[in-house]
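Load the model in a viewer and keep the sequence panel open beside it. The stops below say what to select and what is found there.

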Amino acid sequence: MNVLFEEDGGFKAGSILADNDSSLQVEMPSGKRSKIKAASVLLRFAQPASGALLEQATPLAAEIEADFLWECVSDGEFSFLDFARDYYGHDPVPVEATAVLLALHAAPVYFHRKGKGRFRKAPADILAAALANLEKKRQQALAMEAWLAELKEFRLPPEIAALTDALLYAPDRNKPETKAFETACGETGLSAAQLLFKCGAIKSAYHLHYKRFLHEQFPRGTAFPALDAPALPVDLPRAEVRAFSIDDAHTTEIDDALSVTWLPGIGSRIGIHIAAPGLAIEHGSPLDGVARARLSTVYMPGNKITMLPEAVVQNYTLAGGVDCPAVSLYLTVNEQYEVLSHESCIERVHIAENLRHHDVEPWFNSETVGAVLPDEPFARELLHLWHFANACEGRRGKPSAMQGVNDYNFAISGDLADPESCSVDISERKRGSPLDKLVAELMIVANSTWGGLLAERNIACLYRAQTQGKVRMTTSPLPHEGLGVPQYAWMTSPLRRYCDLVNQWQLIACLRETPPPFPQKSAELFAAMRDFELTYAAYAEFQRLMERYWCLRWLQQHGIVEIDATLRREQTVKLDHLPLLARVASVPADLQPGQRMHLAIESIDLLQPEVALRFVALLDADEPACDLEEDAA
């Protein structure tokens, strides 16, 4: 005697070796012996042999139409044996009964399982919905096959084109379009960006990088809400100084200015004047919410996304020829450039002029400061501030500007709406010039002095600390070992950094002797510090990415196929006259950092963006070397 039984969701047949009340010992056609429960037996039969039952029943079941069965069966629960009797019009032989069982089991949309060998026909409405869903899936499968075929031939189906941004930045893997697209990526060996680029969906690598950044950091776009710019305070005392700022040609958020008042018989009174948006932007106001969400201005070659709306920036930037609200630090300095005293105040400062690097450096540089300067505006003040900066640098015991490190200015010509038509000019400028030094030192003095003032008054503040080589944000006035100061708080850029605006609120409260917006151990202050540090790092990484993109565009634009470089570490080199680091696998392993080499450019991929380089030869030891220090972030 043989049995048909169900096991692990499938049907099996075997010969009975031992038949007990609750279990059976059976031998499978393969010779394997098993113990099965009596309740799992669906059919007992003598013929055909156990190995032939399913072989004969399977093709017979394939001939049975599920929709015909559904029409034939009555409502209510039924056994496959009973239905097989009705279907064939006689007591079914084992092969016929098994064929009906297999047909019912293979049509779960039409027949719902209700137990061992028992079924119930699906209600008409549920069946209609299920069949519609099956048809939808079938059509989707056909569409996916068609999309996949087109993508592999680098043609872009309209359904895929409509999801370009989502496929790049936030793919929904439940969508059939996404499944087809990712299958195409796998079969072509291309990344999502590379495949879309080859299909023509991405017109420019520039837009790829920029839109990805906006998706991650500005998902609601970069437009500001309709907010009125706060009015300028009118009750501030006016300072009797003529201040001037020093910035590059593209700076519009002018945060800081300087002044010198001569004190006969004593020395001078040096003023450091910082734009004061904190006087009008109230903590907790809608405008604060805007600044809190952005946390910093985003810089990139040819473009920027400001932290504050343009109207607010224009109200509070230290523009030339205007009396501007400012928080000022005055240093009384003797003729030996020692600081005798300092005082801070809130006032209106007349900005006599906005000096620009490209205008001043031709006559005020490391070669001219030791000679007689030409009769230029603020020449005497600049020379005096430079001597004072040298004295400050000496007292700190740390250099204020990184010697040997270059700044790189990017000038993008053309409309960024069509970046492929734009041209890029990259100019190289050595750090550590007299202008760099005097500005850097005076900002260090302001940030350190004001940070110390808030620490002394026990007012919460966001500090930059460096201990054991690690730089981090903190609410404790810890030393900054890299600068050689006991504490250092960012306060000199409140128009473009939120932490500086927060610190300015605290400083203004200190000077006015009013309760500060953030008390000590404020949870809100800690949250702002954490978010600022993460966001500021993300913005800086994006700036480096876009500079890398424009460096590669510059190489393409000038048709450069070979270039000199300096080894930084292991296989990482810095290309001459560009802020571009790259890995060169073919660099000999025995080279030391600082060695100069000649490289060949094999390929450039703007989508990554990466450049493939090949080592060609070492340069002579007397070949001029470019900067060996790491570029400052």
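Start by selecting Thr-178, which lies in helix α8 (residues 176-188); helices here are DSSP runs of H or I with at least four residues, strands are runs of E with at least two, and both are numbered from the N terminus. The model is predicted, so local features need pLDDT of at least 70 and side-chain atom pairs count only at pLDDT 80 or more, while totals for chains, interfaces and linings use all residues. Residues are numbered from 1 along each chain as its sequence is written, and side-chain values use heavy atoms, with hydrogens and water left out.

Is Thr-178 buried or exposed? Thr-178 counts as buried because its relative accessibility is 2%; buried means under 20% relative accessible area, exposed over 50%, and partly exposed in between, with a 1.4 Å probe and protein chains only. Show its surroundings: Thr-178 touches Leu-167, Pro-171, Asp-172 and Arg-173, leaving aside residues up to four places away in sequence. Contact means heavy atoms within 4.5 Å.

Next, select the open sheet of three strands with the order β6-β8-β7 and antiparallel pairing. Its edges are β6 (77-79) and β7 (111-115), each with a single partner strand, so one side of each has no neighbour in the sheet. From one strand to the next the twist averages 40°. β7 pairs with strand β8 (residues 118-121) in the antiparallel sense over four bridges; two strands pair if DSSP finds at least two bridges between them. Axes are lines fitted to C-alpha atoms, for helices over the stretch in contact, and angles run from 0 to 180 degrees between N-to-C directions.

Now highlight the aromatic cluster made up of Phe-68, Phe-78, Phe-83, Tyr-87, Tyr-88, Tyr-110, Phe-111 and Phe-119. Rings of Phe, Tyr and Trp (its six-membered ring) pair if their centres lie within 6.5 Å; planes under 30 degrees apart count as stacked, over 60 as edge-to-face and the rest as tilted.

Move on to the open sheet of five strands, ordered β22-β21-β20-β23-β24 with antiparallel pairing. The edge strands, β22 (581-583) and β24 (610-618), each pair on one side only. The twist averages 45° from one strand to the next. Helix α17 (residues 523-557) packs on the sheet and touches β20, β21, β22, β23 and β24, with its direction at about 95° to that of β23.

Within this sheet, select strand β20 (residues 562-569), which pairs with strand β23 (residues 596-605) in the antiparallel sense over five bridges. Ala-565 stands opposite Met-597 in β23. β20 also pairs with strand β21 (residues 572-575), antiparallel over four bridges; Thr-566 has Lys-574 as its bridge partner in β21. β20 and β21 form a hairpin with two residues between them, and Glu-570 in the turn has a positive phi of about 45°.

Last, look at ring contacts. The count comes to 23 aromatic pairs. Tyr-206 and Trp-550 form a tilted pair, 5.8 Å centre to centre with 55° between the planes. This pair links distant parts of the chain, with Tyr-206 in helix α10 (residues 205-217) and Trp-550 in helix α17, 344 residues apart. Tyr-206 is buried at a relative accessible area of 2%, and Trp-550 is buried at 0%.
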